[in-house]
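Hi,

Here is the structure I promised to pass on.

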Amino acid sequence: LGAASRQGILMKGSNYLEAMGSLDTAVFDKTGTLTTGRFEVTDVAPVHGSREELLELAALGEYHSNHPIALSVKNAYGKEVDTSRIGDVEEISGHGIHAQIQIDGAWKDLYIGNQKLMDSQNVKVDTPAAVLGTTLYLAEKSTYLGCIVISDSVRPDVPAMLAGLKKQGVGKLVMLTGDKEEVGKKVAESIGITHVYGNLLPGDKVAKVEQLLKEKPEGKTLAFVGDGINDAPVLARADVGIAMGGIGSDAAVEAADVVIMDDEPSKIVDAICIARKTVGIVKQNIIFAIAVKIAVLILVALGVVGMWAAVFGDVGVSVLAILNAIRALDYKK
């Protein structure tokens, strides 16, 4: 645990250290974990009105939100938001936002969110198939207004992390995302993940992890890596929940068993190496201690040795085991 903390890895117990040593399946949330979570608006596709008007409506609806997607919309709008045009705002979990917005002097019902939100409002989405990215759809009641495409970049050390996991024998790498599946697949292809599941709500992610837990080999463990408040249930359900400590929400850090304090996913490989080295030292100590005690018992029974051997078999073996265990602190990448 001390060696892990020196590397910026907080483990909440030795049982999780042991579980990391037998890791076989690693499941990742996409946004904020594999990607930076720093979103930028890359396209605005209005159906009614201009690009500027669509951005303005989105900025009004997202004004009270601190979600990274909402912040990117407000940054792209880049102007002072007229808060007098904002009425009641309702956050619809896993779908988006319903807001009362003043448009042309009249209060209108504005819906901003994903495809599932549009489906629930019977809004027919008309978006070019070539548009890829995290997409915010806007509708005024059942009238589709257009969409805003937002994307972020892959974390620089993610390819090294995935290569390290494969080298350590982690057999299955999985990405779960609430984005459209084609968006998730595009990111996964760029970094080498083959199992991708998209369009997932928080409950869907739990169900998917439940399924993966049943599929993993006997005696092996599954880790889920996430950072958002919606990831907390999945972090709690996995054999080992790993959260990003810097950008991660308080709920995610609380639910996680392992916390990467500096938000570097590659530290997961370090955690596995430390865990396996530690488990190896523990096994050495157990075998050594039992072997010495059995030898002393036999020799005493035969009258070959006396009290000094019994003392060594108890206190001496304990001291040697402690000295051997200190090697666990000496971890270098």
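Predicted model: local features only at pLDDT ≥ 70, side-chain atom pairs only at ≥ 80, totals over all residues.

Residues are numbered from 1 along each chain as its sequence is written, and side-chain values use heavy atoms, with hydrogens and water left out.

**Overall form**

The protein has 13 helices and 13 strands; helices here are DSSP runs of H or I with at least four residues, strands are runs of E with at least two, and both are numbered from the N terminus. Its C-alpha trace spans about 100 × 35 × 30 Å along the principal axes. The radius of gyration is 27 Å, whereas a compact globule of 333 residues would come out near 20 Å (taken over C-alpha atoms, with the globule rule being 2.2 Å times the number of residues to the power 0.38). Of the 333 residues, 47% count as buried, where buried means under 20% relative accessible area, exposed means over 50%, and partly exposed is in between (1.4 Å probe, protein chains only). Looking at contacts (heavy atoms within 4.5 Å) between residues at least 6 apart in sequence, 57% join residues at least 24 apart.

**Cores**

A nonpolar core is a set of buried Ala, Val, Leu, Ile, Met, Phe, Trp, Tyr and Cys residues joined through side-chain atoms within 4.5 Å. The largest one holds 37 residues, and Phe28 and Leu165 have the most contacts inside it. Helix α12 (residues 267-301) supplies the largest share of this core, six residues. There is also a second, separate core of 24 residues, with Val44, Leu60, Ile69 and Ile112 among them.

**Pockets and the cavity**

The search ran on a 1 Å grid over the protein atoms alone: a cavity is a set of points where a 1.4 Å probe fits but cannot get out, a pocket is an open set with protein on both sides within 12 Å along at least five of seven lines, and lining residues have an atom within 4 Å of a point. Grid points are joined across faces, edges and corners, and a volume is the space filled by probe spheres set on the points.

The largest pocket holds about 1400 Å³ of space. It is lined by 48 residues, and those closest to its centre are Thr31, His67, Pro68, Ile69 and Asn230. Strand β7 gives the most to this lining, with four residues. By class, the lining of the largest pocket has 14 nonpolar, 24 polar and ten charged residues (Ala, Val, Leu, Ile, Met, Phe, Trp, Tyr, Cys and Pro count as nonpolar, Asp, Glu, Lys and Arg as charged, and the others, Gly among them, as polar).

The second largest pocket has a volume of about 290 Å³. Glu53, Leu57, Ile103, Asp104 and Leu145 lie nearest its centre, out of 14 lining residues. Here α4 gives the most, with four residues, and the lining divides into four nonpolar, four polar and six charged residues.

Ile69, Ala70, Ser72, Val73, Lys74 and Tyr77 are the buried residues of α5, and what covers them includes β3 (40-46), α4, β7 and β8. Just after α5, glycine 78 takes a positive phi of about 70 degrees.

Threonine 33, in helix α3, is buried at 1% relative accessible area. Leaving aside neighbours within four places in sequence, threonine 33 is in contact with Phe28, Arg155, Val158, Val225, Gly226, Asp227 and Pro265.

Is valine 304 buried or exposed? Valine 304 counts as exposed, at 56% relative accessibility, and lies in the loop between α12 and α13 (307-325). Valine 304 and aspartate 270 are 34 residues apart in sequence and 47 Å apart in space, C-alpha to C-alpha.

Glutamate 90 sits in strand β4 and is partly exposed, with a relative accessible area of 44%. Not counting residues up to four places away in sequence, glutamate 90 touches Gly96, Ile97 and His98.

Cheers
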